[in-house]
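Let's take a guided walk through a protein chain. Keep the viewer open and find each residue as you read.

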Amino acid sequence: MSVTVDGDKSGLVPVRVRRILRGPRAESVPALVGTACTFIGLIDIAAGVFPRFRHSRMHAFAEVLPGALGPFAAALSLSAGVLLLLLAHGLKRNKRRAWRAAVVLLPAGAVAQFLYRHSVIGVLLSLALLALLLRHRGQFAALPDPSSRWWALANFVLMGAGSLGLGLVIVSAHPYKVVGSPSLTDRLEHVLLGLFGLEGPVDYRSGVDWTVGYSLGALGLLTAVTTIYLAFRPEQPAARLTEDDEARLRELLAKHGGRDSLGHFALRRDKGVVFSPSGKAAVCYRVVSGVMLASGDPIGDVEAWPGAIERFMDEAKAHSWTPAVMGCSETGGEVWTRETGLDALELGDEAVVDVADFSLSGRAMRNVRQMVKRIERNGYETRVRRVRDLSDGELERIRRAAGDWRGTDTERGFSMALGRIGDPSDGDSVIATAHRTEGAARWGSPEAAGPGRASGRAAAGDGWADDAGAASPYGDLRAVLHFVPWGTDGMSLDLMRRDRSADPGMNELLIVAALQASPKLGIERVSLNFAMFRSALARGEKLGAGPVLRTWRGLLVFLSRWFQIESLYKFNAKFRPRWEPRFVVFRNTRDLPRIGFAAMQAEGFVTIALPRPFRRRRTRTARPCAHIRPATTAEREVRAA
C-alpha cells in the first residue's frame with residue numbers, strides 16, 4: 001500500500017527518510033551522562049559518609065582549614081551525591097531541568113570532595129562530567145512531564161526511607177570513634193533526631209559528632225526541601241480531550257470509523273490527541289510512567305496517517321517519552337514501522353464475528369446453545385437497544401449496576417474500553433441487558449430442582465429479594481453488555497458486567513442475543529474480546545508442537561491464574577469468530593518491560609495508589625453527563641441495605 005506524507009509538498013518522502021536526512025539522534029550521550037551521574041553521585045555519597053583518608057597527600061593543606069569546614073564539606077558532598085542520584089534518570093531522558101540542576105551540583109560536589117576527602121580523582125571525575133554536560137547541552141531540551149501533588153507524597157516516603165537507611169550507615173561508619181556500645185535502637189533514635197537537627201544518644205570522640213550531625217541534618221533538610229518543592233510547584237495536568245478535540249475526532253470517525261474496531265475508544269476523555277497538519281488524521285495517547293502509549297490505529301484518512309504519526313513522535317521527543325502503540329492492526333503496524341523506524345511484535349488476536357455467518361445450529365455450537373436454552377428456561381429474558389432508546393432512569397440504573405458489579409476498585413481498560421456508559425453523545429452505542437422475569441426459579445434453588453419446593457427468591461416491590469430478604473436496587477436487571485459503534489455497520493464490545501448471584505452463562509446469553517438482534521440494528525460485524533497470545537495458545541495445544549512452544553504455552557497457562565489470558569481465548573472461541581491479529585509497536589527491545597508495565601497501569605491491572613484507608617474520593621475530570629442526578633435518600637437506603 002502506498003501512503004503519501006501529509007504536509008510534505010512532494011508527497012513522496014517518508015517521514016522516516018526525512019528524519020534520517022535531518023541527522024542522526026545521538027541517544028547514547030544522555031544514557032552515558034545518566035550512568036556517569038549515578039557513578040559520581042555514589043562517589044559523593046561515599047565521600048560524605050566514610051572517614052577521610054588520613055594518609056592523603058593533601059592532608060597537610062587540610063590542617064590550615066577552619067575546623068567546621070570538614071563536617072560542612074561532608075554534608076555538602078552527601079547532599080550533592082543524593083541529588084545527583086535523583087537527577088540521573090532525568091538526564092537519561094534528556095530533561096532540561098535535570099541538566100540545569102546537575103550543572104550546579106557537580107561543582108559543589110567537586111569542592112566537597114577536595115575539602116573533605118582531598119580526592120583529586122573525585123574532583124576530576126566531577127569536572128569531566130560537567131564538561132560533558134556543557135559540551136552536549138543542546139541534547140538536554142526535553143520538557144517536564146505532567147506533574148501532580150502526589151509526587152510530593154511519594155518523594156517524602158521514599159526520601160524518608162532512604163535517609164533513614166543512609167543515616168544508619170553514617171552513624172555506624174565510625175566504629176573506633178564511638179563512645180561505648182550503643183544498641184540498634186539507640187542508633188535509630190540518633191538518626192531520627194539527627195534528621196530534625198537534634199542531638200541523639202550516641203556520642204563520638206575527636207569531633208566526629210559534628211560530622212555525623214551535619215550529615216544527618218543535611219539529609220533531613222534535603223528531604224524537606226524536595227518535598228516542599230514538589231508540593232508547591234505549579235501543577236501540570238496530563239493532557240485531556242477538550243470538547244473541540246472530541247468534536248473533531250467524531251467527524252473523523254463518521255468518515256473513517258469503519259476501518260478500525262478500536263476507533264471509538266479514542267474518545268476516552270482521559271487521553272490526549274495530536275492531529276496531522278491537515279487535520280485529516282489523529283493519534284490519541286496517554287502518558288503513563290514516562291511511556292507515551294497510543295492505542296489502535298490512527299483515526300482518519302490513511303493517507304494522512306504519517307502526518308499524525310510524525311506529530312506523535314515529535315511530542316514524544318519533546319518530552320523524552322518512550323513511544324509505544326498498543327493493539328494496532330497489521331496495516332497500522334506497517335505504517336508505524338515504516339514511517340518511524342520502530343519495531344512491531346504480535347500481541348494477540350481480536351475476535352470478530354460476522355453476523356451473517358453466525359448460527360447456534362451445529363455440533364460446534366452445542367455447548368453455547370445448551371447454555372442459552374437452560375438460562376432462558378430459568379426465566380431470563382434479554383433486551384438489545386441503542387443507548388438513545390433508553391430512558392434516563394433506566395440508563396442511571398444500568399450505570400450504577402455496572403459500577404457496583406465491577407469487582408475491582410478501579411475501572412479497567414484503556415485501549416479497548418470507553419470508560420463510560422450512557423453518555424448522550426454516545427447515542428449509537430448498544431446496550432444488551434439480561435432480566436429475570438417475575439416468579440422465575442433461581443438457579444440451583446429447590447424450586448429449580450423440582451416441583452413442590454419453595455424458591456429461595458421472591459418478588460419484593462420493583463426488585464427481587466434474595467435469601468436474606470434484601471431487595472435488589474436494580475430491579476430485575478442481572479447482566480449488562482455495552483457495545484460502541486464500529487463505523488456504520490459494526491459494533492465493538494466495551495464491557496461485560498453481571499450480578500455475581502445470577503446464573504452462570506450471562507455473558508454468553510447476552511452475546512448471542514446481541515448477535516441475533518444485530519440485523520435489526522443494521523449491524524453486520526461484531527468485535528468481541530481481545531485474546532492475548534492466542535496463536536501461541538492455539539498452536540501449543542496441537543499435536544506435534546515443539547518443546548519451546550509447549551513451554552511458552554505452559555507459562556501462559558500459569559499466568560492465566562492472575563490474568564485473563566487462556567480464559568478469554570476459550571471464551572471467544574465459543575462463538576467461532578475470525579481472528580484479526582493485533583500488534584505492539586516499540587522502539588527497541590529493552591523498552592518492552594517498561595512498556596508492558598505502563599500498559600498494565602493504563603489497563604488498570606497495576607494500580608499505584610495509597611492504601612485504601614488513606615484514600616480520598618476525587619472528582620472526575622471527565623465531563624459529566626447532563627442527565628445524571630444524585631441518588632435520592634430512598635435509593636441510598638436501598639443500596640445500603
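This report starts with the whole chain and then visits some of its parts.

## The chain as a whole

What you see is a predicted model. The chain has 641 residues, and 48% of them count as buried. Its secondary structure comes to 21 helices and 14 strands.

Which residues touch each other? Among contacts with a separation of 6 or more, 77% are between residues 24 or more positions apart. The chain exposes about 32,200 Å², and carbon and sulfur atoms supply 58% of that area.

Now look for strand 11, which covers residues 477-485. Is this strand mostly covered or mostly open? It is mostly covered, as 9 of its 9 residues are buried.

Strand 11 pairs with strand 8 (residues 430-436) in the antiparallel sense, over 6 bridges. You can find one spot in this pairing at His 435, which stands opposite Leu 477 of strand 11. Strand 11 also pairs with strand 12 (residues 490-498), again in the antiparallel sense, over 7 bridges. Here Val 480 has Arg 497 in strand 12 as its bridge partner. Strands 11 and 12 form a hairpin with 4 residues between them. In the turn, Gly 487 has a positive phi of about 70°.

## Charged pairs

Side chains of opposite charge can pair when their charged atoms come close. How many salt bridges does the model hold? The count comes to 24 salt bridges. In one of them, the side chains of Arg 268 and Asp 270 meet at 2.8 Å, N to O. Arg 268 and Asp 270 are both buried.

Another salt bridge joins Asp 489 and Arg 525, whose closest N and O atoms are 3.4 Å apart. This pair links distant parts of the chain: Asp 489 is in the loop between strand 11 and strand 12, while Arg 525 is in strand 13 (residues 525-532), 36 residues apart. Asp 489 is partly exposed because its relative accessible area is 22%, a value between the 20% and 50% cut-offs. Arg 525 has 18% relative accessibility, so it counts as buried.

Glu 508 and Lys 574 also meet through their side chains in a salt bridge, at 2.6 Å, N to O. This pair, too, links distant parts of the chain, with Glu 508 in helix 16 (residues 506-521) and Lys 574 in the loop between helix 19 and strand 14, 66 residues apart. Glu 508 is buried, with a relative accessible area of 8%, whereas Lys 574 is partly exposed at 29%. Elsewhere, a network of salt bridges links Glu 246, Arg 250, Arg 269, Arg 420, Asp 423 and Asp 426.

## Two loop residues with positive phi

Next, find Ser 320 in the loop between helix 11 (305-319) and strand 5 (322-328). Its phi is near 55°, a positive value in a residue other than glycine. Arg 576 sits in the loop between helix 19 (566-573) and strand 14 (578-586). Phi of Arg 576 is also positive, near 50°, and this residue is not a glycine either.

## A surface patch, a helix residue and the cysteines

Which residues form a nonpolar patch on the surface? They are Trp 552, Leu 555, Phe 558, Trp 562 and Phe 563, with about 490 Å² of accessible area together. Phe 558 lies in helix 18 (residues 547-559) and is partly exposed, with a relative accessible area of 37%.

Arg 187 lies in helix 8 (residues 184-195). Leaving aside residues up to four places away in sequence, Arg 187 touches Leu 168, Val 171, Ser 172, Pro 182 and Val 202. The C-alpha atoms of Arg 187 and Ile 170 are separated by 10.0 Å, and these two residues are 17 residues apart along the chain.

Finally, the count of disulfides comes to 0. Two cysteines to look up are Cys 37, which is buried with a relative accessible area of 1%, and Cys 328, which is buried with a relative accessible area of 0%.

Methods. Residues are numbered from 1 along each chain as its sequence is written. This is a predicted model: local features need pLDDT of at least 70, side-chain atom pairs count only at pLDDT 80 or more; totals for chains, interfaces and linings use all residues. Side-chain values use heavy atoms; hydrogens and water are left out. Buried means under 20% relative accessible area, exposed over 50%, partly exposed in between (1.4 Å probe, protein chains only). Two strands pair if DSSP finds at least two bridges between them. A disulfide is a pair of cysteine sulfur atoms within 2.5 Å. Patches are made of residues with over 30% relative accessible area and no salt bridge: like charges are joined within 9 Å, nonpolar side chains (Val, Leu, Ile, Met, Phe, Trp, Tyr) within 5 Å. Accessible areas come from the Shrake-Rupley method with a 1.4 Å probe; for residues, only the protein chains shown count as cover. A salt bridge is a side-chain nitrogen of Lys or Arg within 4 Å of a carboxyl oxygen of Asp or Glu. Contact means heavy atoms within 4.5 Å.
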